[in-house]
Amino acid sequence: MRHAILTLLLLLFIRLPGYSEGGKMLVTMRKIGHEVLLASGDSTSWVLPIEQVDNHTFLIRFKRSFAFTPASLVEIIQRHVPELDYLVEVRQEQSNTVVYSYEVHQPLHRKSIACLTRTPPRGDYSIQIQFADPPVQIASVISAIKFAWLLLPVLLVGFGWRLFKRKRPAPAKSITPTTLVHLGPLTFCRETQVLRLGDERIELSAKESKLLNVFVGAPNTVIDRSQLMKQVWEDEGVFVGRSLDVFVSRLRKKLQPASTVRIVNSHGRGYKLEIDSPHG
């Protein structure tokens, strides 16, 4: 009974016709481009068709040159994608060089973004926004919720069944020693995706945990970028090399409390998890 209810909910919410997450994000990108032009004083020129480079990355291009202020750009993009982590690059079209860029890890801290008050010269720019994970469109979920009244009888039956049927809680899973990995003063629990340093608890995301799991399999050894990409992102189909660098950077920050454990870049090859010997 419970599995049937969950299946029905998933089918109705995920497969509602006309609510394409990719389509919603393209509309959002066009709105960002429109507001960037308005902020530059341009209310007539055209935002060119939005290019979806892959399921992480979108490119906004413009028909005419314009000027922008970094502070305005940051505010406009954050207003449209307030819950996502992303990298923004403003490129000069002719030379394909990056004239301004910044990275956001939610919540946004404007003080961590450089050159907010500096205004680049007017030019032929494009704006590329690359998300750390494939973006989830809240608008699509809200639209689907409008149809939830269709599920009311099923929901009432499901919640009523759970209310009147007491279920004994499942016994807590014991964490076996094989799920724990010691990295110098750190302890990494694969199952709970948590690092511990004494009493300090450091939460890892699913991808950070998968990435660290690859590193701990070969400590103090350079692991090729291609191998890291394959083992962490092999089930996602599309992958952007920049995503690896973003997640390595996040993982580095979470390892910082342990000075004897670090991730080192091997130029042109990949990364290495270095763990200092306790005897120096």
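A polar contact is a pair of N or O atoms within 3.5 Å, where, within protein, one must be able to donate a hydrogen and the other to accept it, and residues adjacent in sequence count only if both atoms are side-chain atoms. In this predicted model, such a contact of 2.3 Å joins the side chains of Asp42 and Ser45. Asp42 lies in the loop between α2 (21-39) and β1 (51-52), helices (H or I, at least four residues) and strands (E, at least two) being DSSP runs numbered from the N terminus. Asp42 is buried, that is, under 20% relative accessible area with a 1.4 Å probe and protein chains only.

The chain contains eight helices and twelve strands, and 35% of its 280 residues count as buried.

Confidence is given as pLDDT, from 0 to 100 for each residue; the chain averages 81, with 74% of the residues scoring at least 70.

| Stretch | pLDDT | Contacts in the model |
|---|---|---|
| residues 14-19 | under 50 | eight, beyond four places in sequence |
| residues 137-142 | below 50 | nine, beyond near neighbours in sequence |

Where pLDDT is low, the predicted coordinates should not be read in detail.

Residues are numbered from 1 along each chain as its sequence is written, and side-chain values use heavy atoms, without hydrogens and water. Local features need pLDDT of at least 70 and side-chain atom pairs count only at pLDDT 80 or more, whereas totals for chains, interfaces and linings use all residues.

Conventions:
pLDDT = per-residue confidence, 0-100. Contact = heavy atoms within 4.5 Å. Buried < 20%, exposed > 50% of the residue type's maximum accessible area, 1.4 Å probe, protein only. Lys, Arg positive; Asp, Glu negative; His and termini not counted. Salt bridge = Lys/Arg side-chain N within 4 Å of Asp/Glu carboxyl O.
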